[in-house]
Amino acid sequence: MWSETASTEQLCGVMGDIAEQHDIALAIIWFSATRHEPEQLVSGLQQRSPALNFCGCSTSGEVTPDGMQDHGVIAILLPARWFVASHTVLQDAANLGMENIARNTAEHRQRFLDSLPQPDDSHTQFALLLIDGLSYSEETVTVAIDRGLDGIPLIGGSAGDDLRFEKTWQICNQQALSGAAILTLIDCRLPCKLFTNNNFVPTEHKLVVTEADPDLRRVSEFNAEPAAVAYANAIGMKQEELDAGSFASYSVIIRYGGEYYCRSIQQLNDDMSLTFFCAIDYGLVMTVARSEGMEGSSRQAIEELEQDIGAIDMMFGFDCIYRKLDALHRQTTHRIAELYREKRFVGFNTYGEQYNSMHINQTFTGIAIGVPPESDGDIATLSVSMPT
């Protein structure tokens with residue numbers, strides 16, 4: 001279900017009605033904290049449907065079967081016929097330490113696998129991570145979780161707060177938290193595959209970090225110049241013209257393992273430094289990138305998934321807020337929205353994405369799930385049913 005205007009009370013009522021009519025393994029709820037107060041949302045769901053197993057986080061926009069929306073909610077409900085799910089909550093994740101996180105994850109993994117029937121080739125396990133997008137901890141937490149998962153693949157999204165950059169929220173059953181990471185292990189008995197995709201290729205312009213505060217993800221100097229000045233010159237703009245739109249349209253990338261990954265800029269600071277959504281450090285070499293075309297790149301990635309698993313019943317996951325802003329800047333929002341409708345992708349706009357051991361930016365990341373046997377119906381009809 002999805003809505004741009006429903007109240008929290010209406011949302012809880014509709015979800016409770018659906019939960020009474022269907023056996024739901026997991027409800028994934030992505031919501032705007034501008035419209036839905038997290039504690040009220042959690043308490044309302046507990047009162048209306050106490051047995052419902054859910055997790056979620058706050059967003060900076062949602063992707064629905066009707067297209068892009070702002071300040072709304074989308075809930076994905078996974079039927080128990082095809083899915084099993086189990087959570088662990090890492091409170092104050094930034095301060096837990098990598099060893100504690102890895103150990104907690106490994107214990108959760110073992111409990112989850114022990115609870116499943118004897119697996120066969122029709123079962124696939126994957127991990128879903130929802131983490132505070134303002135914690136400056138996604139890299140270390142993701143690496144530690146990946147270590148504890150011991151081969152179970154991971155996708156994830158960094159919670160947003162409608163571009164306020166003040167506070168994000170994570171919810172899980174009885175809890176509404178900030179600064180947390182919610183790790184959900186999922187067993188899927190349908191064909192499925194995780195994916196990530198970005199639409200940037202390198203240019204000749206290099207930016208070397210020569211002064212920085214890694215703890216705050218803040219770069220003071222590129223190439224021994226004020227960071228904003230050097231970046232603006234590289235993209236052919238003036239520093240006073242820099243804003244979220246320019247950061248979205250002119251990303252910087254790094255090379256890792258033979259692939260390029262975005263390191264998106266969050267904001268320009270008064271001292272001409274730049275704060276990033278991802279980790280940075282002294283000596284890091286960044287390359288200014290250009291877009292190949294978001295729609296074409298995303299379509300190609302989805303078609304490759306279709307070749308691997310066959311017809312796709314639904315896709316869900318994470319679309320970086322800067323992709324949304326870039327599409328708006330280039331006036332291609334309607335084309336991206338139409339592609340997502342056509343290919344049945346739903347999700348939310350994030351402050352970053354996770355893919356296995358990596359925290360990344362400005363990507364389209366998620367999971368594609370194949371069509372159930374013809375006699376057993378359509379997952380997407382249940383999973384993204386009836387707007388309120």
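Predicted model: local features only at pLDDT ≥ 70, side-chain atom pairs only at ≥ 80, totals over all residues.
Q: At what angle do the axes of α3 and α4 cross, and are the helices parallel or oblique to each other?
A: Helix α3 spans residues 98-115 and helix α4 spans residues 138-149. Their axes come within 7 Å and cross at roughly 40°. Angles under 35 degrees would count as roughly parallel. The helices α3 and α4 are therefore oblique.

Q: Is the crossing of α3 and α4 left-handed or right-handed?
A: On the α3 side, the contact includes Met 98, Ile 101, Ala 102 and Thr 105. On the α4 side, Val 141, Ala 144, Ile 145 and Gly 148 are among the residues that take part. The crossing of α3 and α4 is right-handed.

Q: How many nonpolar residues does the contact of α3 with α4 have?
A: The contact of α3 with α4 has three polar residues and three charged ones. The nonpolar residues number nine.

Q: Which residue with a positive phi follows α4?
A: Helix α4 has 12 residues and reaches 16 Å from its first C-alpha to its last, close to the expected 16 Å. Its buried residues include Val 141, Ala 144, Ile 145 and Leu 149. The residue after α4 has a phi near 50°, and that residue is Asp 150.

Q: Are α7 and α9 roughly parallel or roughly antiparallel?
A: Helix α7 covers residues 294-309, and helix α9 covers residues 333-343. They pack at an angle of about 10°, with their axes 10 Å apart. The cut-off for this class is under 35 degrees. So α7 and α9 are roughly parallel.

Q: How many charged residues are in the contact of α7 with α9?
A: Glu 295, Arg 299 and Glu 306 are among the α7 residues that meet α9. In α9, Arg 335, Glu 342 and Lys 343 are among the partners. The contact of α7 with α9 also has four nonpolar residues and one polar residue; the charged residues number six.

Q: Is Ser 7 buried or partly exposed?
A: Ser 7 lies in the loop between β1 and α1. Buried means under 20% relative accessible area. Ser 7 has 32% relative accessibility, so Ser 7 counts as partly exposed.

Q: Which residues does Pro 214 contact, leaving aside its neighbours within four places in sequence?
A: Pro 214 is found in the loop between β14 and β15. Its relative accessible area is 28%, so Pro 214 is partly exposed. Beyond those sequence neighbours, Pro 214 is in contact with Ile 280, Asp 281 and Tyr 282.

Technical notes: Residues numbered from 1 in each chain as written. Heavy atoms only, no water. Axes fitted to C-alpha atoms, helices over the stretch in contact; angles between N-to-C directions. Helix = DSSP H or I, 4+ residues; strand = E, 2+ residues; numbered from the N terminus. Parallel < 35°, antiparallel > 145°, perpendicular 65-115°, else oblique. Left-handed = near helix turned anticlockwise from the far one by under 90°. Contact = heavy atoms within 4.5 Å. Nonpolar A, V, L, I, M, F, W, Y, C, P; charged D, E, K, R; others polar. Buried < 20%, exposed > 50% of the residue type's maximum accessible area, 1.4 Å probe, protein only. Expected span 1.5 Å × (residues − 1).
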